[in-house]
Amino acid sequence: MSHDIQPHMEVIGADGTHVGTVDRVENDRIKLTKADAGEGSHRGHHHFIPMGLVAEVEGDKVRLSANADVAVSFEEEGDSSPAA
C-alpha cells in the first residue's frame, strides 16, 4: 500500500479530519510536511505517521484507521520517538 501514497496527498483520520500532508514515505512511515508540524516545540520540523495506521488510500487522500485526535498521538519524531 505504501507505493500508492504519493507526495502532497492529504492524510485524514477515520473521522475525515485533516491530520497532515504527505511529504514522502520513508522507512515504512509517512513523513508529513513541516507545515503540519503543530505548535511550540513541534513547530518547524517533520513528524511521521506509522504505516500501520493506514486503513486505505482513496484517490488523493490517505485515510487512517484512527480518528485524527487519536492518530496524532501516534506521531513520531525523525528518530522514532513519540512527538508528544
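Glu10 is partly exposed, with a relative accessible area of 24%; partly exposed lies between buried (under 20%) and exposed (over 50%), using a 1.4 Å probe and protein chains only. The model is predicted, so local features need pLDDT of at least 70 and side-chain atom pairs count only at pLDDT 80 or more, while totals for chains, interfaces and linings use all residues. Residues are numbered from 1 along each chain as its sequence is written, and side-chain values use heavy atoms, with hydrogens and water left out.

**Overall build**
- Of its 84 residues, 36% count as buried.

**Salt bridges**
- The count is five salt bridges, each a side-chain nitrogen of Lys or Arg within 4 Å of a carboxyl oxygen of Asp or Glu.
- One of them pairs Glu10 with Lys61, with the closest N and O atoms 2.7 Å apart.
- This pair links distant parts of the chain, Glu10 in strand S1 (residues 10–12) and Lys61 in strand S6, 51 residues apart.
- Lys61 is partly exposed at 28% relative accessibility.
- Arg24 meets Asp23 at 3.8 Å, N to O, and Glu26 at 2.8 Å, N to O.
- Salt bridges with shared partners join Asp23, Arg24, Glu26 and Lys31 into one network.

**Gly59**
- Gly59 sits in the loop between strand S5 (54–58) and strand S6 (61–64).
- Gly59 is exposed, with a relative accessible area of 67%.
- Gly59 and Ile5 are 54 residues apart in sequence and 9.8 Å apart in space, C-alpha to C-alpha.

Methods
Helix = DSSP H or I, 4+ residues; strand = E, 2+ residues; numbered from the N terminus.
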